[in-house]
Structure formats: structure tokens, C-alpha cells
Amino acid sequence: MVEMKRQNQSVAECGAACRRLVYKYLRMVHFPVRKCYQAAKLVLLVVLVVTILGLFEQWRGGKRNARAEYSDPLEAEYEREILEDEARIVPGLGEGGAAAHLLGEEKKLGEESEKKLAINVYLSDRIPYNRTLRDFRNPACKRVLYDAELPSASVILIFHNEPYSVVVRTIWSVVNSARRSQPWYKHANFIDRQTGRLMAAGYPGQDPTSKFVYLKEIILVDDNSTLPELKGKLSHYVRTRLPPDLIRILRLPDR
């Protein structure tokens, strides 16, 4: 009986010793893991702070560059507004002339603008200015032999208090339609009236390396608009983002 008690006591002591060893081992493992976890959180926090500071510095640097590029405060302000407009644009929206739609709260805002101005300006502001359009001509037009010496064209666009995005998109549509890279030009047939020989298109005196075909200039006629964005901001956009020496703006003092 005494011997059995001693054996039980030995087993109990052995079990206690094993538990102490296991507990000690777990403490040795647990604390480093916990410390590593805390260190990992600290590293992630530091990386996040550094990233935010870097992005903020880039933003400040961009603003400083804009100010440095435009010494005139008004020009710098126009540039800032245009960049904000471009940031609202949804890439691919209305591409190829496809119908564009808004959803949810944006749809409501678009409908409200349409009630006030008879045009969905909210949607127009989000469609890319320089978008591609499909060739909607009748197939028979594609088989016509065009005169290679057609006169040049001056396109006149008259506007009065039209939405800014509509005016800019219209300009780009005219510019893009006259590019030599357009499919209608690449696949068209041009003929010399005198010899009947097929030849390259262009009007007399035009530089054959010009990017445009038949388009001599675009004349924007501001019919005494009162919207501020159609004044200096539009002039700044034309000057900084459209082909040089192609567009003129005439502003009428009264209607």
C-alpha cells in the first residue's frame, strides 16, 4: 500500500514536472511570437505613414510645378480647374458613340441638371472629350471617288452659354474627323480630275506631312457668353491641349 502511494506520488511529481516544462516551453514560444506580431504591426504602421507622406509630397510637388509653369495666377487656376474636370471623366464612357448612362445617385444628379438646362450636363462632364466615333456614313459613300483637290475647309462653331464639356468635345470631334489616321481617309479613293490618276488627298498648298486632311482651321465664335468657364478657362484649354495654330477664338461684345 505504501509502495503504491509512493508510485502515485512519483507519477504526480513527474506529471507536474512535465507540465512545468511544457508551460516553460510555451512561454518561450509565445512571447517571441507576440513580440513579432507587435513588431509587424509597427512596421506596417511606419510603411503606411511613409506612403501617405510620399503621396502628399507628390501632390504638393505637382501643385508647385503647376505654379512654376504658369507664372500668371489666373493661368494656374485654369489649369487646376481643367485637371479637376479631367479627373471626373470616366474612361470608355460613350466610346464609339454608344449610349451612356448613369446609375444611382449620379443618375438623379444628371436628371436634375437636365431639367434645369435641357441637357444632362452631369453626364456630359463624365464622357471623355477626345473619344472615338464610329463611321456612320452610308456604305455607298465609302465607294465614292473623291476629288483629291477639294478646297480647304474652315469650320466655324458658334456657341452661347453652352456647357463647357459640350464645346470642348465638339472641338475634338472636328479635329479627329479630319485626321489622316482616320479609317475614312485610309480607305477612301481620291482622284486627280485632270489625269484620272489616284493620288493623295489634300488641298492645294497643304503640307503633305500635315496630320489633317482638308481642315484649314477651326474658328470658335463666342456669341457673348456669360458663363465664366467659356472665357479664360476655354482659351487655356485650347492653348494647352489642342493642336497649335489650328484654332482661333473670336469673342463678340454683344449679341
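**Figure 1. Helices H5 and H7 are roughly parallel to each other in this predicted model.** Helix H5 spans residues 164-177 and helix H7 spans residues 232-241. Their axes come within 11 Å and cross at roughly 30°. Angles under 35 degrees count as roughly parallel, and the two helices are therefore described in this way. In passing H7, H5 makes a right-handed crossing.

**Figure 2. Residues of H5 meet residues of H7.** On the H5 side, the contact is formed by Tyr 164, Val 167, Val 168, Ile 171 and Trp 172. On the H7 side, the partners are Lys 233, Leu 234, Tyr 237, Val 238 and Arg 241. Sorted by class, this contact of H5 with H7 comprises 8 nonpolar and 2 charged residues, with no polar ones.

**Figure 3. Strands S2, S4 and S5 form an open sheet.** The sheet has 3 strands in the order S2-S4-S5, and the pairing is parallel. S2 and S5 are the edge strands, each of which pairs on one side only. From one strand to the next, the twist averages 20°. H5 touches S2, S4 and S5, and the direction of H5 makes about 165° with that of S4. H7 likewise touches S2, S4 and S5, and the direction of H7 makes about 165° with that of S5.

**Figure 4. Strand S4 is joined by bridges to S2 and to S5.** Strand S2, residues 153-159, runs parallel to S4 and is joined to S4 by 7 bridges.

**Figure 5. Strand S4 is mostly covered.** For the protein of 255 residues, 30% count as buried.

**Figure 6. The elements shown above belong to a protein with 7 helices and 5 strands.** Read from the N terminus, the order of elements is α-α-α-α-β-β-α-α-β-β-α-β. When contacts between residues at least 6 apart in sequence are considered, 76% of them join residues at least 24 apart.

Methods:
Residues are numbered from 1 along each chain as its sequence is written. This is a predicted model: local features need pLDDT of at least 70, side-chain atom pairs count only at pLDDT 80 or more; totals for chains, interfaces and linings use all residues. Side-chain values use heavy atoms; hydrogens and water are left out. Axes are lines fitted to C-alpha atoms, for helices over the stretch in contact, and angles run from 0 to 180 degrees between N-to-C directions. Helices (H or I, at least four residues) and strands (E, at least two) are DSSP runs, numbered from the N terminus. Angles under 35 degrees count as roughly parallel, over 145 as roughly antiparallel, 65 to 115 as roughly perpendicular and the rest as oblique. A crossing is left-handed if the near helix is turned anticlockwise from the far one by less than a right angle, and right-handed if clockwise. Contact means heavy atoms within 4.5 Å. Ala, Val, Leu, Ile, Met, Phe, Trp, Tyr, Cys and Pro count as nonpolar, Asp, Glu, Lys and Arg as charged, and the others, Gly among them, as polar. Buried means under 20% relative accessible area, exposed over 50%, partly exposed in between (1.4 Å probe, protein chains only). Two strands pair if DSSP finds at least two bridges between them.
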